[in-house]
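I opened this model to look up a handful of local features and the way the chain is divided. My entries follow in the order I made them.

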Amino acid sequence: MEKALLAAEAVEEREVVDLLRSLVRIPSHYPGPGEEGVVAFLEEYLRERGLHPFRQEVTPGRPNLMADLGEGEGGLILEGHTDVVTPGEEGLWRHPPYAGVVEGGRLYGRGACDMKGGLAALVGALLAVKRALGHLKRPLRLAALADEEGMMLGVKAFLKEGLARGFRGALVAEPEEMEICLWQKGALRLKLPFLGKMAHGAMPYAGENPIPKAARFILELEALQLELQETFSHPFLGPPYLTPTQVLASAGEGQLNVIPVQAEVVLDVRTVPGLDHGELVARIQALAEAEVEVLEDRPPVETPKEDPLVQAAEEALKLLGLPLRYGGVPGATDGTFLRAWAGLPVVVMGPGGKTLPHQVDEWVDLEEVVQAARVYAALAVLYLE
Ligand SMILES: [Zn+2]
């Protein structure tokens, strides 16, 4: 208890705020400059403070960055991603997206909450533990990973190379208003081709039109969604969704009198624990009478409340006089794969508004970020000592 407080109190407000500002000022959207600039900065920053950061090249020019405090088995991974999404039309922002302007206690900019705020808090906590206690009985590993906003190549490479091996829990600092999030929705991206037979638009009887087939499927999908929502809605994640996000059918530009040979439907499916992905894909396939191509499969995950990591999160919040609130993550995060592939208990808990990510005028409350760093430092000590 005393050690946890000591670590929390060793968090330096100035240090965390300055780091966050520096991180936001380095654009890291992809495609675009990507993660390299942020990683190079952070690498130097950690080295100057006595740590020994190391890289993993995920794809050329897109590195993950790790840094360990202490060594041994049974440690904790502190995870954040270094990429951000595009700022979009910069003229729509009240402050330039990469200026790091602070106004009324809020820092504005792309990545402010998603998730350079959380990343700065993790680093601030790591440095505070180092200052206060040297190191802990078991190791802390900072993992600043690439491509969370894309196909999550960073965390996949991290796991494939065994960089989570020997660790027994992971804290993911995504912006969740400091709720303890133990549930994350699953996601499936599915492509369904509806096949037809090309023909003249004047003689539809001579061909087979795939467009009405696709349309019928989309309408039938609504009934399946309703059925699933009635069976599987989750108290923290809400209902599952089967959402068509793309419909393509054309025999080519200007070919208005030609029945195309194929119509293609893409679905963005969001699931909850208990809804089996394999069974769901089979049902959708049967409904469509089409061969489903699974473009991406991110299972829904949950961490039991009784896990020591969750207990440590609760205790850390209590120790600092902060409210205990539980929540769910509506999308997948790197934590999805840390849980699903490595079997690690995962707590997603970070500073920043849940709905602010990817918006224009994204911001984060600086006091909340510093508070988060204190919580992380205390949590790490409670969990590892
Ligand atoms: Zn994020």
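**Helix α4 and its end**

I began at Gly134, which sits just after α4 and takes a positive phi of about 85°. I note that this is a predicted model, in which local features need pLDDT of at least 70, side-chain atom pairs count only at pLDDT 80 or more, and totals for chains, interfaces and linings use all residues. Residues are numbered from 1 along each chain as its sequence is written.

I take helices (H or I, at least four residues) and strands (E, at least two) as DSSP runs, numbered from the N terminus. Helix α4 covers residues 112-133, 22 residues in total, and I get 29 Å from its first C-alpha to its last. That is close to the 32 Å expected at 1.5 Å a residue, where the expected span is 1.5 Å times one less than the number of residues.

I then looked up burial. I call a residue buried if 20 or more other C-beta atoms lie within 10 Å of its own, exposed if 12 or fewer, and partly exposed in between, with C-beta atoms placed from the backbone. By this count α4 is mostly covered, with 20 of its 22 residues buried.

**Cis peptide bonds and positive phi**

Most residues other than glycine have a negative phi, and most peptide bonds are trans. I listed some exceptions.

- The peptide bond from Asp114 to Met115 is cis, with omega near -15°; Met115 has its place in helix α4.
- Tyr30 and Pro31 are joined by a cis peptide bond with omega of about 0°. I find Pro31 in the loop between α2 (13-24) and α3 (36-48).
- Glu177 is not a glycine, yet has a positive phi of about 55°. It lies in the loop between β7 and β8 (180-184) and is partly exposed because it has 18 other C-beta atoms within 10 Å.
- His358, also not a glycine, has a positive phi of about 75°. It is in the loop between β17 (346-348) and β18 (363-365), and counts as partly exposed because it has 15 C-beta neighbours inside 10 Å.

**Nonpolar cores**

I define a nonpolar core as a set of buried Ala, Val, Leu, Ile, Met, Phe, Trp, Tyr and Cys residues joined through C-beta atoms within 7 Å. The largest has 95 residues, and those with the most contacts inside it are Ala125, Val129, Ala373, Tyr376, Ala377, Leu379 and Ala380. Helix α10 (residues 366-384) gives the most to this core, 15 residues.

I checked Tyr376, counting two residues as in contact if their C-beta atoms, placed from the backbone, lie within 7 Å. Leaving out residues up to four places away in sequence, Tyr376 touches Leu78, Ala121, Leu122, Ala125 and Leu171. A second, separate core has 16 residues, including Leu192, Phe194, Leu280 and Ala288.

**Strand pairing**

Two strands pair if DSSP finds at least two bridges between them. I found an open sheet of 3 strands in the order β4-β5-β18, with antiparallel pairing. Its edge strands, each pairing on one side only, are β4 (102-103) and β18. Strand β5 (residues 106-108) is joined to β18 by 3 bridges, and Tyr108 stands opposite Trp363 in β18.

I looked up β8 next and found 5 of its 5 residues buried. It runs parallel to β16, with 4 bridges between them; Gln184 has Val329 of β16 as its bridge partner. With strand β15 (residues 301-302), β8 pairs in the antiparallel sense over 2 bridges, and there Trp183 is partnered by Glu302.

**Domains**

The chain is divided into domain 1 (2-184 + 301-384) and domain 2 (186-297); the bounds come from an automatic or database domain assignment. Taken over C-alpha atoms, their centres are 36 Å apart. I count 8 residues of domain 1 in contact with 7 residues of domain 2. On the domain 1 side, strand β16 (residues 326-329) supplies the largest share, 3 residues. By class that side has 4 nonpolar, 3 polar and 1 charged residues. Here Ala, Val, Leu, Ile, Met, Phe, Trp, Tyr, Cys and Pro count as nonpolar, Asp, Glu, Lys and Arg as charged, and the others, Gly among them, as polar.

**Gly162**

My last entry is Gly162, in the loop between α5 (153-160) and β7 (167-172). Gly162 is exposed because it has 9 other C-beta atoms within 10 Å. Its C-alpha is 22 Å from that of Glu149, 13 residues apart along the chain.
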